[in-house]
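Keep the viewer open as you read.

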Amino acid sequence: MLFERTIHRKDMIRCALCHDASCTAACGKLDPAALLRSIWFDDEKVAAARLPEENPCLGCDAPCEAACVRARQVPIRALMLRLYDEVRPELEIPLPENEDILRTDLCGVPLENPFLLSSSVVASTYDMCARAFEAGWAGACFKTICSFDIHEASPRFSAITGDNGTILGFKNVEQLSDHSVAENMDIFRRLKQNYPTKFILASIMGQNEEEWEELSRLCEENGADAIELNFSCPNMMDGGLGSDIGQVPELVERFTAAARRGAKIPILAKLTPNVAAMSPAAEAARRGGADGIAAINTIKSIIGVNPHTYVSAPAVHGMSAVGGYSGNAVKPIALRFIAELGQNLNLQGMHLSAMGGIETWRDALEFILLGGGSIQITTAVMQYGYRIVDDLKAGLAYYLAEKGFSSVNEARGLALGSVSHTTDVLERDTVIFPKFHREKCIGCGRCAISCADGGHQAIRLDKDRRPQLNGKKCVGCHLCVLVCPQGAISSSRKRIRRNRKDI
């Protein structure tokens, strides 16, 4: 099947994704660090396509593994051999010769690819934006510019992590740019002078209509290509700022209109997910003169409570606060809002700049398929660095070429027709049984436990500790498929039910 994964993150779970990795220095024939990153970011096909014709790993004693910072704990040689033996033979096309297939635009302004840094610490200085542009990002939404006196808390980040330390969900209590408006305008001028083809999206936040209008005017005059109105920061709520605005459509319309008076360049309204529905605020932004919507910003959250101090994280001198939640954990929520906006006929023609938990090109593609025209990323950059853009671009370009698209724009919105906001439309007369792959099964019994205690008691283990299905009890919920640690269960044959009775 097209783009079914062969090698997974779990195959290299001990890899630290090092900076200036010692495995590459020790090899001399391949760049195993780059290839391992490609595997981690769902880009194993591109990794295999980049391999030299002759396999240097055959007969090699794996000095890369000995040099690894976790010596001999990452099966680098075995992973390279799998790229050669399992992935490369299945490649259907060569690597695209260039990245032209990724070219798109934001409200008519050209983008060399859809990938932008989102407004945050990752796009908060000249040097950071310059390094990101050099790395291949198409542009950056600069950290929100304001006239407030900003003094950040320390610490201001916390996270929920997986078993190997990977960040799954990320919380911040960070606020806005701590540079003056004049300093930020100087940064814009320098960026536009030195990187004229890169896209500068200026995020702003005002305290009243006059400030929204003035900041908008200044950004346009100093080189911004477009303006993003921050109606969504969960950490700027005092006095009716940030997400407090995004929850009131009347305020969204009023302040969008104020920013519109200050500039002629495209304006995006960045909306809060801390609402039941985003469409009322989005429609209000359009009435106010916005050309597009950016979503989602972070979700109000509390991460953990220390059982000894009774303070949640991050703890700042014995206190904490509700903050913004981001990372891959919020992606399903972000996709839901993008689908809502993409299906709203009253928003047709508006640009959707999508964000929320994007780490890989596959994540980005899902937002594009639901109507996203550009992709913004922060948390993955904070965890892995600007270098992730290499696999974002290469993976998306390879997918588009293999599917036969001539432009990334051709994929936009293709999944919207399959999304319903009610389960009432789902077909309920077909049961799809699970299929057990005995050659992969290790006999752990996880499927039987979950089916017994969380399902319909349809699985038992035989004398060899292999699962057996009771078709009379199975309802095809596929809980067993999800809990199997070996990937040894998949979909199988179908059973048709008529008049709610099995046949």
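## A histidine in a loop

Where does His478 lie? It is in the loop between strand 19 (467-469) and helix 17 (479-483). Bear in mind throughout that this is a predicted model. His478 counts as buried, since its relative accessible area is 18% and the cut-off for buried is under 20%. Its backbone is worth a look too: phi is positive, about 70°, although His478 is not a glycine.

What is His478 in contact with, leaving aside its neighbours within four places in sequence? The partners are Ile432, Phe433, Pro434 and Ser491. With Ile432 there is also a polar approach, as the backbone oxygen of Ile432 lies 2.9 Å from a polar atom of the His478 side chain.

If you check torsions, stop at the peptide bond from Ala295 to Ile296, which is cis, with omega near 5°. Ile296 belongs to the loop between strand 10 (292-295) and strand 11 (299-301).

Tyr310 is another residue other than glycine with a positive phi, near 65°. You will find Tyr310 in the loop between strand 12 (303-305) and strand 13 (312-313). Is Tyr310 buried or exposed? With a relative accessible area of 65%, Tyr310 is exposed.

## One face of helix 6

Helix 6 covers residues 126-135, and its buried residues are Tyr126, Cys129, Ala130, Ala132 and Phe133. Seen down the helix axis, these buried residues fall within an arc of 160°, so they line one face of helix 6.

What do the buried residues of helix 6 pack against? Their partners are strand 3 (115-117), strand 4, helix 7 and strand 7 (199-204). After the helix comes Gly136, with a positive phi near 125°.

## Rings and charges

How many aromatic pairs does the structure hold? There are eight. One of them joins Phe142 and Phe188 edge-to-face, with 5.4 Å centre to centre and 85° between the planes. This pair links distant parts of the chain, as Phe142 sits in strand 4 (residues 139-145) and Phe188 in helix 7 (residues 181-194), 46 residues apart. Phe142 is buried at 2% relative accessibility, and Phe188 is buried at 0%.

Elsewhere, ring pairs link Trp212, Phe231 and Phe255 into a cluster. Phe255 also has a charge over its ring: the charged end of Arg254 sits there, 5.9 Å from the ring centre. The charged end of Arg336 likewise sits over the ring of Phe337, 4.2 Å from its centre.

## Cysteines without disulfides

How many disulfides are there? The count comes to zero. Take Cys219, whose sulfur is 10 Å from the closest cysteine sulfur, in Cys141, and therefore too far for a bond. Cys219 is buried, with 0% relative accessibility.

Cys477 is in no disulfide either, as the nearest cysteine sulfur, that of Cys451, is 6.5 Å away, whereas a disulfide needs the sulfur atoms within 2.5 Å. Is Cys477 buried, partly exposed or exposed? At a relative accessible area of 47%, Cys477 is partly exposed.

Methods
Residues are numbered from 1 along each chain as its sequence is written. This is a predicted model: local features need pLDDT of at least 70, side-chain atom pairs count only at pLDDT 80 or more; totals for chains, interfaces and linings use all residues. Side-chain values use heavy atoms; hydrogens and water are left out. Rings of Phe, Tyr and Trp (its six-membered ring) pair if their centres lie within 6.5 Å; planes under 30 degrees apart count as stacked, over 60 as edge-to-face and the rest as tilted. Helices (H or I, at least four residues) and strands (E, at least two) are DSSP runs, numbered from the N terminus. Buried means under 20% relative accessible area, exposed over 50%, partly exposed in between (1.4 Å probe, protein chains only). A charge sits over a ring if NZ of Lys or CZ of Arg is within 6 Å of the ring centre and within 35 degrees of the ring normal. The arc is that of the directions from the helix axis to the C-beta atoms. Contact means heavy atoms within 4.5 Å. A polar contact is a pair of N or O atoms within 3.5 Å; within protein, one must be able to donate a hydrogen and the other to accept it, and residues adjacent in sequence count only if both atoms are side-chain atoms.
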